[in-house]
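Please look over the structure shown here and follow the report below. It takes up a helix contact, then a strand pair, then the chain as a whole.

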Amino acid sequence: MTTTGTAPGAADGLLDEAVRAQQRAAWALAAPGWAEYRRDLAAPARRVDERMFRLARLGPGDRVLDLACGAGGPALAAAERVGRGGRVLGLDLAPPMVAAARSLARERGAVQAEFRTVAAENELGVPPGSFDAAVCRAGLPYMPDRAGALRAVRAALRPGGRFSALLADEPGVVSPFRVRHGVVTRRGPAAGTGRRRARHGGLGEWTALLESAGFTGVRAEARRAPVFEAEHAAAAWVLIVRTSGALLSWYSGLDERSRDAVHREAVRTLAAWFPDGPVRPSGEVVLLCGTNPG
Ligand SMILES: C[S@@+](CC[C@H](N)C(=O)[O-])C[C@H]1O[C@@H](n2cnc3c(N)ncnc32)[C@H](O)[C@@H]1O
């Protein structure tokens, strides 16, 4: 097969599909880690989740969409907020994440929360205007078609419905990711992170994306927030590896000697940052929000 004569749109579509396949595989690998470590990830995130929910104006009885819901953490926190009279639909690309979210919802008796797998962020398979609010925690930067995702979210909202998204995972800003990024770029191929197209734009780029998707009253705010908690540096490094599919796949492909060397370097770095015991990294996260004018 030749690509000669392929329209640029078609080529972009193929590249987007390749990114999704890579992301799906990476997050499928990380799903057990997200299920296992959900408490260590959830407790520190509570404050920023609250802020994200406030910006989306979540209230009792609301119908809420959670895009890139992962193992269900934010969706189930939203389910508590909307109560039994509301409804939360979590959508994610990776079936094992959706399975983990369903099992957590069953465990918690959250009958108002439902979870589904989607094939792409720009085709959500929900009726137009059927949600009062939408959220997306730490999901947008991984999506190849962010503009399409934002348009799809806006279409899913009723007129006046609000969207709020949290962005984290900027190497160099959030410390655990700095360790990860540092070790991986020093010791492995940059492509080993699987993040070539999954990078942050600047704040201005994100607000412009929301505006061109048709959101109004778009705002962005940055704040420092805790990221996770671990008892000590070695436990922290295991958590970082097990909850990052791209890193896990690169790390498990190393021979034992290289893996040990990476492990030692990462643990040494984390221990130097938190010499007195528990590892409680914090970093800058960005919260975006906007309204569907209808
Ligand atoms: C860092 S996790 C965040 C999960 C969850 N929002 C949370 O905060 O606990 C990123 C999630 O984005 C999902 N994801 C990545 N690319 C996606 C896409 N194109 N469409 C939908 N979900 C995607 C992954 O499968 C993964 O569950």
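## Two helices in contact

In this predicted model, the crossing of helix 5 past helix 7 is right-handed. Helix 5 covers residues 146-156 and helix 7 covers residues 203-212. Their axes lie 9 Å apart and the helices pack at an angle of about 50°. Helix 5 is therefore oblique to helix 7, since angles from 65 to 115 degrees would count as roughly perpendicular and those under 35 degrees as roughly parallel.

Which residues of helix 5 and helix 7 meet? From helix 5 come Arg-146, Ala-147 and Leu-150, and from helix 7 come Leu-209, Leu-210 and Ser-212. Sorted by class, this contact holds four nonpolar residues, one polar residue and one charged residue.

## A pair of strands

Strand 6 runs over residues 216-226 and strand 7 over residues 282-291. The two strands pair in the antiparallel sense, with nine bridges between them.

How many of the eleven residues of strand 6 are buried? The count is one, so strand 6 is hardly covered.

## The whole protein

The protein contains ten helices and seven strands. It has 294 residues, and 45% of them count as buried.

Contacts can also be sorted by separation in sequence. Taking those in the protein between residues at least 6 apart in sequence, 81% join residues at least 24 apart.

Conventions:
Residues are numbered from 1 along each chain as its sequence is written. This is a predicted model: local features need pLDDT of at least 70, side-chain atom pairs count only at pLDDT 80 or more; totals for chains, interfaces and linings use all residues. Axes are lines fitted to C-alpha atoms, for helices over the stretch in contact, and angles run from 0 to 180 degrees between N-to-C directions. Helices (H or I, at least four residues) and strands (E, at least two) are DSSP runs, numbered from the N terminus. Angles under 35 degrees count as roughly parallel, over 145 as roughly antiparallel, 65 to 115 as roughly perpendicular and the rest as oblique. A crossing is left-handed if the near helix is turned anticlockwise from the far one by less than a right angle, and right-handed if clockwise. Two residues are in contact if their C-beta atoms, placed from the backbone, lie within 7 Å. Ala, Val, Leu, Ile, Met, Phe, Trp, Tyr, Cys and Pro count as nonpolar, Asp, Glu, Lys and Arg as charged, and the others, Gly among them, as polar. A residue is buried if 20 or more other C-beta atoms lie within 10 Å of its own, exposed if 12 or fewer, and partly exposed in between; C-beta atoms are placed from the backbone. Two strands pair if DSSP finds at least two bridges between them.
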